[in-house]
Amino acid sequence: MIRLSTGIPEFDKLIEGGIPQGFFVAITGEPGTGKTIFSLHFIAEGLKEGDLCIYVTTEESRDSIIRQAKQFGWDFEEYIEKKLIIIDALMKEKNDEWSLTELTPEELINKIVEAKQKLGYGRARLVIDSVSALFLDKPAMARKISYQLKRVLNKWNFTIYATSQYAITTSQAFGFGVEHVADGIIRFMRRIRDGELKRYIIIEKMRQTDHDKHVWEIDIQKGKGLVLKGKLEKRKEDYALPEKVIKMILEAEKKKNEEI
Ligand SMILES: Nc1ncnc2c1ncn2[C@@H]1O[C@H](COP(=O)(O)OP(=O)(O)OP(=O)(O)O)[C@@H](O)[C@H]1O
Ligand SMILES: [Mg+2]
């Protein structure tokens, strides 16, 4: 089986060397947890290996993506139109060839296929960041749209990352469709610990792969990008009630007994 490096060698080790070629992988998580940066690693690695790359951006402009990549030492500009096309679905500029004026599954698929034809024959990587943008107003359609994307795009020699957001309040993904259709799920999380923002990653699914099943703490570092900091040890605080709460419960019990 051919596996594609994610661009993060330590992460590749967790999935037997990389993402199986042709897979459709959901990258899910709350805002600011690292989904876009993880996707940029995948593209930067593709460019390094000579793959054809297409990046669809729905929440940030093309310029913002290029600037973010530059911060980690990847010059995307030199590859544009040769090995890389960034489809901008945010700015909706009419006279930009690689802009989407309307964000529908059909328009998106057509544009991606057009971009692939422009880049030519060969192994390709595709990022759709985010796929949730396609069904924000119709979550019931999530599964159908995801299936349609996977089925059509599979024929074009793509290995795909589809990012999907989680609602902060309910931790529910916007439409569970992506997760079911996906061959793999990589989930990003965040917690505040000791007054500091911490980010974590877990591989929830990777078909045909004996993948790691731990929660890993990650960090996003200037000039480097996403790094794995270490496996999360199960700590007492992760499953026990805070000491203060236990004390209160015990005191209430005692009082009740005294009253009896
Ligand atoms: N140059 C940098 N150096 C260090 N950290 C950075 C740098 N650039 C971005 N970050 C960190 O990465 C975070 C953004 O990560 P990213 O854009 O991948 O999140 P996301 O999961 O895609 O979020 P969203 O769902 O909102 O698109 C920032 O909030 C910041 O903490
Ligand atoms: Mg993002």
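Which elements are among those that cover the buried residues of α4? The cover includes the strands β4 (52–57), β5 (84–88) and β6, together with the helix α5, where a contact requires C-beta atoms, placed from the backbone, within 7 Å of each other. Helices (H or I, at least four residues) and strands (E, at least two) are DSSP runs, numbered from the N terminus.

This is a predicted model, in which local features need pLDDT of at least 70 and side-chain atom pairs count only at pLDDT 80 or more, while totals for chains, interfaces and linings use all residues. Residues are numbered from 1 along each chain as its sequence is written, and chains are lettered from A and ligands numbered from 1 in the order in which they are written.

**Helix α4**

Helix α4 covers residues 105–119, and its 15 residues reach 21 Å from the first C-alpha to the last, close to the 21 Å expected at 1.5 Å a residue, the expected span being 1.5 Å times one less than the number of residues. Leu108, Ile112, Ala115 and Lys116 of this helix are buried. Seen down the axis of α4, these buried residues fall within an arc of 100°, so they line one face of the helix; the arc is that of the directions from the helix axis to the C-beta atoms. On the other side, Glu106 and Gln117 are exposed. A residue is buried if 20 or more other C-beta atoms lie within 10 Å of its own, exposed if 12 or fewer, and partly exposed in between, with C-beta atoms placed from the backbone. After α4 comes glycine 120, with a positive phi near 100°.

**Backbone in the loops**

Most residues other than glycine have a negative phi, and most peptide bonds are trans.

Asparagine 157 is partly exposed, because 17 other C-beta atoms lie within 10 Å, whereas glutamine 208 counts as exposed because it has 12 C-beta neighbours inside 10 Å. A cis peptide bond, with omega about 5°, joins aspartate 129 and serine 130, and serine 130 lies in the loop between β6 (124–129) and α5 (142–154).

**Around ligand 1**

Of the 14 residues around ligand 1, Pro31, Lys35, Thr36, Ile37 and Gln71 come nearest, a residue being near if its C-beta atom, placed from the backbone, lies within 6 Å. The largest share of this shell, 3 residues, comes from α2.

Technical notes: Contact = placed C-beta atoms within 7 Å.
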